[in-house]
Amino acid sequence: MSYKAPFHTCDGPKEEGSYIVKLKSHSVKSNFMAKCSAEHTDQLDITHSFEESDLFHGFVVRCSGEVLDVLRDREDVEYICEDAIMKGTRVQEDATWNLHRISHEGQANPPFEYAYPDSGGEGVNVYVLDTGIFIGHSEFEGRARNGRTFFPGFNDVYQHGTHIAGAIIGKTYGVAKKAEAISVRVLGDNGNGSISNIIGGLDWVVSQHRSIGKPSVINLGLNGSPSVALDHAVNNIDKMGMPVIVGAGNEGVDAINTSPARAAGAYVVGVLNQRDTRADFSNFGEIVKIWVPGVDITSAGFSGPDSTYTMSGSSLATAHASGIFALYMSQSGPGATPAQIQELIRHNAVTNGEGLLVAQVPKTN
């Protein structure tokens, strides 16, 4: 019986004609790609080769269904996936309360205050895979910079990544006020991005982490239909010692049915509202590790360097959790593993009236 590599489809939107090819570990990627290009001249275009690191042993190709079928016949191919589209979500609101909740037990009631360790996440890099960051905003105090983009330029046209970064490291609205944010633009002007771009962004982050050597957190506040390839990449990063913070999603369903939340290596975050209950839109389920605020979150805005804006969504909860991770990593030192940090967060968390585990920043006394 002839070999046929598994083919994984996606339920939602996708990049038409684009496919993620995962090779078996024994295959020499450069040789395989060269052979494919030679055999299918003008019929095949390799768009991503993931050569920044060893995160994902494969590549992305644009080709016809006929060429795809030939690729599936090759013994070197482990599986092939459709290139799904991930999305970021935002809703404009007008309130603030969140920082109080993650530093105090119980429902947040005014007057609000935020008690956090003086280390403030210093010495930790947070890689924000999103729509870009307006690095000139005063909230960042020079602690945000551009890293890698998969679109023309770094400009945050969709006006999402800036708000997320502000909630992570902003001097006024951020959780970790001394951490640094690096923009990895994997989502476009409409807030969407392909799986291939996201894996490419993660590949770049791994190479930077190895080169720089600083403790690092990956903020991945996006979600979409299940993707074997994206799950594979997230699991590999977790094994490499970098926590991947992932939003549960905004559809009000079990998060086990979405990627990258369903990946075993993802640290999945659910959304709390001001009533200290699960937000109606938040995804849920056994894979959700922790709950943090994500409704009516004020942070850095887009109309000027001192502007503010208020949003709700799973991506805002992801930002809070990334900031909390940065605080614990800064206190624990560079040798701490993601599993150790997760255990510290779990140990210090408090249970709300719904039985949800709510994350708290490190105690200041």
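I count a charge as sitting over a ring if NZ of Lys or CZ of Arg is within 6 Å of the ring centre and within 35 degrees of the ring normal. The model I consulted is predicted, so local features need pLDDT of at least 70 and side-chain atom pairs pLDDT 80 or more, while totals for chains, interfaces and linings use all residues. Residues are numbered from 1 along each chain as its sequence is written, and side-chain values use heavy atoms, without hydrogens and water.

**Entry 1: charges over rings.** I found Lys 177 over the face of Tyr 116, at 5.7 Å from the ring centre. I also noted Lys 24 over the face of Tyr 3, at 4.4 Å from the ring centre.

**Entry 2: aromatic pairs.** I looked up the aromatic pairs (Phe, Tyr or Trp rings, the six-membered one for Trp, with centres within 6.5 Å; stacked under 30 degrees between planes, edge-to-face over 60, otherwise tilted), and the structure holds seven. The rings of Tyr 114 and Tyr 116 are stacked, because their centres are 4.7 Å apart and their planes lie at 20°. I then checked accessibility (buried under 20% relative accessible area, exposed over 50%, partly exposed in between; 1.4 Å probe, protein chains only). Tyr 114 is buried at 16%, whereas Tyr 116 is partly exposed at 30%.

**Entry 3: the largest core.** I turned to the nonpolar cores (buried Ala, Val, Leu, Ile, Met, Phe, Trp, Tyr and Cys residues joined through side-chain atoms within 4.5 Å). The largest has 49 residues, and Ile 324 is among those that touch the most other members. I recorded contacts (heavy atoms within 4.5 Å) of Ile 324 beyond four places in sequence, including Ile 102, Val 175 and Ile 345.
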